[in-house]
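Open the model in your viewer and keep the selection panel at hand.

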Amino acid sequence: MPAASSYAESAQRTFERIEKSKLNAFITLNKQQALQTARDVDDGKVTGRLAGMTVAVKDCITTKGLQTTCASKILTGYVPPFDAEVVARLRHEGAVITGKTNMDEFAMGTSTESSYYGPTRNPWDLTRVPGGSSGGSAAAVAGLESRMALGTDTGGSVRCPAAFCGVVGIKPTYGLVSRYGVVEYANSLEQVGPIARNVPDAALLLDVIAGGDPKDSTSVAEADKVTYTDHLVDDVKGLTIGVPEEFFGEGLDKRVEKAVWDGIMTLNKLGADYRKVSLPHTKYSLSAYYIIAMCEASSNLARFDGLRYGLRTGKDENWHTTFSRIRAEGFGAEVKRRIMLGTYALSEGYYGQYYLKALQVRTLIKNDFERAFKDVDVMAAPTMPAPAFRLGEKTDDPLSMYLADVNTLPVNLAGIPSISVPCGFAGRLPIGMQLMGKFFDEPLLIRTAYTFECNTDFQKLPEGF
Amino acid sequence: MDDEVIIGLEIHCQLNKLNSKLFCGCSTKHHEAEPNTHTCPVCLGLPGALPVINKKAVEYTIMVGLALNCQIAEHTQFYRKNYYYPDLPRGFQITQYDYPIAADGIITVDTDGHERTIRIRRVHMEEDPGRLVHQGSIETSKFVLVDYNRSGMPLIEVVTEPDLRSPKEARRFINKLRNILEYLDVFDGSLPGALRVDANISLRGGARAEVKNISSYKGVERALLFEISRQQNMKRRGVKVVQETRHYDDERNCTITLRSKEQAEEYRYFPEADLVPLSVSGWQHALKEKLPELPDAKRERFKGQYGISDNHAKVLTAEIRVANYYEYVASKIDPLLAATWVADYLKGELNYRDRDIRDAFGPDKMVYILQQFRSGVITDKGAVEVIRTLLDEGVSPNGEPRSEPQDVIRNKNLARVESDVTRTACAEVLKENVAAIADFRSGKAQALNYLVGMVMKKTRGRADPAEVNLLLRELLECT
Ligand SMILES: [Zn+2]
C-alpha cells in the first residue's frame, strides 16, 4: 500500500483495517472523533508531540464521552463524564485516539480471555492468546491497528502482552504516571504504561504521559525534569547488567531461556558487563502479589452496585437484594473469585495472617532489589516463562494462569520500572526480554532497550501484516 | 444505692467552616442547595476518580487535637472502612484507624460545681457519606432517594475514654467540645447535621450497649437517660444486659436493637493506598502559634483583667460569641456592670427563650442600654424591659433589629419618672395603705417592701426602687 498522503487518510485506513480484523482488539471505536482529530491535524488546527499519531487506549482508562467498560458486563454502557489524566495528555499532544482496547475483565488476567466482549487473538497466531491483561492494546499495536497504545500494568499486564505480541511495553516506576481516571484494580501496584512497535515510540509516549498530577497523590514530579526521548542513545558501554537467577527457575521454556541469554550476550558484546545476582525472596512474590491485589480489588470493586451507573437489570427490590443481583450478573468468574478471596483475606482474624504478611514480604522483595541494584545498573530476565499459550489452554486452571506472572509481578511489588523488548522467536511466536531498573531510572532502561533494538532484528511484523 | 453509670462518647463533628470537602474541590455550603448539585467524580466515587486530601482539614484537625491537649501523631494515615450502603458511593468510607492524627488528650468539664477531667482517646478525620431521603417515613416509603451533596464532607471523630458518669455530664462535655471547636473557628454547631453522637453506656460490671444515631444536643441526654433506665430495669428484673448496638429513635425517644455482638459488622479496615501517609509532626508548631485563646485561659484572663467573679467569667467564656460580645461591652462601659448585664440578664433572657447570642441585638445596643441605665434615664427594670422587647421583636428580614433601644424607651415610656412624680406617688400610696403603715410601725419590715411594690406599680416600674425606698422612709418618719 502506498504511504498515506495525510493523517486523515492514514487514520481512515487504520479503521478499515480494524473493521476487517479478526483480532477483536477493540471494545469501542472512536472513529468519528479520531477522523476529525486527524483532519484537524492536517489543517494545522491541532498540533503536539503526538499530532496525527494513532493511539489506542485500554478500556480501564476513563475517556470522556466514550464508553469505558473494563471489559465487564457491569460497566456496559458507562460513558464517563471526565478524561483520565493520561488521556487528557494524549489529546493535548494531538493524538488520534482510535478506541478502547479489549482486556481481561477489570485487568484480572494474563490472557485477555476473561473479557465479557470475547477474547482477543494473537496477531502472530490467531489460535493463541495475546497475553494480558492489556491484550487488546498489544495486539492492536502488533496488528497495525494503532501506532501505539496505553496499557496498565498491575502484575505484568503491559509487559506480558508486549512479550507475547512481539512489541515494546514499559511499566513505569510507581508514581511516575498519574492514575487519575484509571479504574482501580490493585491501586498500590498499578501504573499506566506505553506499548509501541519500537523503543523510540514507547519513549515518546512515556514522555507525554509521565509527570506529576495534583489529582493523584501517589504521583510524583520526577518525570517533569526528564525527556525520555533524549535517552535514545545507542551505547551501553560500561553498564553492568544483573541476571537474577531466580527468574530463570523451574518451568522456564528452553527457547525463552536461550533467547534471553542471547540477548544478554548481545549487550555484553556491545560493551556491557553482566553478572548473576540473587533476589532470594522472589519465591514468595506470587503469593504476596495475589493477596495484595485481591484484597485491594475486593474494596476497589465495591462501588459497582448499579445504583449510579452501569448495569441495572430487573426489578428494583430492596437494596441488598438488588445490588447483590446486579453484581452476580455483572461480574465474571475470575472477578468474583478475586473479590471473594480478597474479602476473606481482609476479614478479622485473617488480616494479620494474609494482608499484613503480604506487605512484609513486599518489603523484603523491595529490599532484595535495592540490595542487588547496589552492584548492577539494570537487570535482565525473561518477561514471560514461555511464549503465548493457546486460547482456552489455561482458562480452567487459574493457578497455572497466575504462575505465568511469576517474573513480572516482583517488579510491581517493588514499584520499580521495567521494559519488555522483543529478543527472539520460538517458532513464529515472539519472546520478550524484561529489563528492570532502579526507581525512576527509566532513562537508563530506555537507553539499554534502544541499544539492544538498534543492534538486533527482532522488530518484525507478524506474517500477513 | 444506684449503679454507677459508665459512658464513653464518639462524637462526629463536621468541619463545616472549611470551604471544600475532604477529598475534592466541591463546596461544603450545600445546606440550601438542590440535591446532587455539589458533587464531582471524586465524591460520587466514579471509577478512576482519586481522593486528594484537603490540607486545611488536616490543619483544623491538628488544631482540635492541640486544643484538646492531645499528642499529635508523627505521621498519620487513612484507611478504608468497607461496607455496602447506597449513601456510600465507593463501597468504602475513607477514615482513619491505626495512626489517628491526635490521641491521649484531656478536657475538664464542670459538673455541679466541681471539675472533672475527661480523657480523650483519639481524634481522627473521616468523610461523611451521602444522605438518604425517604418520602414520608422510613416504614411507609416505597423507595429511598440519595443526595450526595453531603458525600465527602469533612468530619472529625472525637472518642472519649469511658470517663463520663451521668447523662448531664455527657451533655456538658459535648457543649464544652462544641464551644472549643467554635473557639477554633473550625465548626458551626448550629448548622443541620453538624454533630452526631454514638454513646457507649453500661452500668458498672454490666455489658455495654452502643447507642447510635444521636443527632441533637438535647437528644444526647435523653437517649442516655432512656438507655440507663432500660438497663437498670433489666437488672432489677434479673435480666442480663447483652452487648449490642442500639439505634436511638429521636421522635419516639427510645433505643432499639440494631444488631447483637454476634452480628457485629466486619469492616475489613486496610490502608487507603490512594492517599500517601502524611508526616504531620512538623505542622504542629506553626499551628500552635495560630491557636486562639481557649475557654479556660480566657476565663482566667477575664477574672484578672476585668476583676469579675469566677462564675461570671465562666458564663461569659463558655461560648466564643458571648465572650466577644462581653469584651466589646466591657470596653465601652464598667466591666463589672457589663458582666452582670451580659452574664445574668442577657444570657438569662436568651436561655429562657432557648436562643443563641447570635439571635440577640448587637453589643453596641447593649452599651447604649447600660449607658441610659447608668445615667439614670432608665431604671434597671426599664433596662430589662428594653432587652426583652428587643429580643422578642427579633430581627427584620435584612438582619437588623426591628427597633433601636431608644425607640423602645420612648414607645414604652420607660424613661425614669422625675423625683417629684415619685414623691407624689409615694404620698398617694401611703394614703391608700394605712394598714401597711401600722404594720411597719409595729416592726414588720416587709410592710415597707409591700409599699415599695405598690409605688412601682403606680409608676409602672419607671421609678427607681432605691429612691422609692428612701422617700417612703422619709415620709413615714415625717408623719
Ligand atoms: Zn466532589
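Here is the tour, stop by stop.

This is a predicted model: local features need pLDDT of at least 70, side-chain atom pairs count only at pLDDT 80 or more, and totals for chains, interfaces and linings use all residues. Residues are numbered from 1 along each chain as its sequence is written, chains are lettered from A and ligands numbered from 1 in the order written, and side-chain values use heavy atoms, without hydrogens and water.

**Stop 1: the interface.** Select chain B and chain A. Their contact (heavy atoms within 4.5 Å) takes 32 residues from chain B and 38 residues from chain A. The buried area is about 2,800 Å², with 58% from carbon and sulfur atoms; this is accessible area (1.4 Å probe) lost on being put together, summed over both parts.

**Stop 2: a salt bridge.** Select B:Asp274 and A:Arg179. Their side chains form a salt bridge at 2.9 Å, N to O. The rule (Lys or Arg side-chain nitrogen within 4 Å of an Asp or Glu carboxyl oxygen) finds two across this interface.

**Stop 3: the sheet.** Move to chain A. Its 11 strands form an open, mixed sheet in the order β1-β3-β2-β4-β6-β5-β10-β11-β9-β7-β8. Strands are DSSP runs (E, at least two residues; helices are H or I, at least four), and two of them pair given at least two DSSP bridges. The edges are β1 (26–29) and β8 (273–277) of chain A.

**Stop 4: one pairing.** Select residues 168–171 and 418–426 of chain A. These are β5 and β10, antiparallel over three bridges. A:Ile170 has A:Ile419 as its bridge partner in β10(A).

How values were computed
Buried area is the accessible area (1.4 Å probe) that two parts lose on being put together, summed over both.
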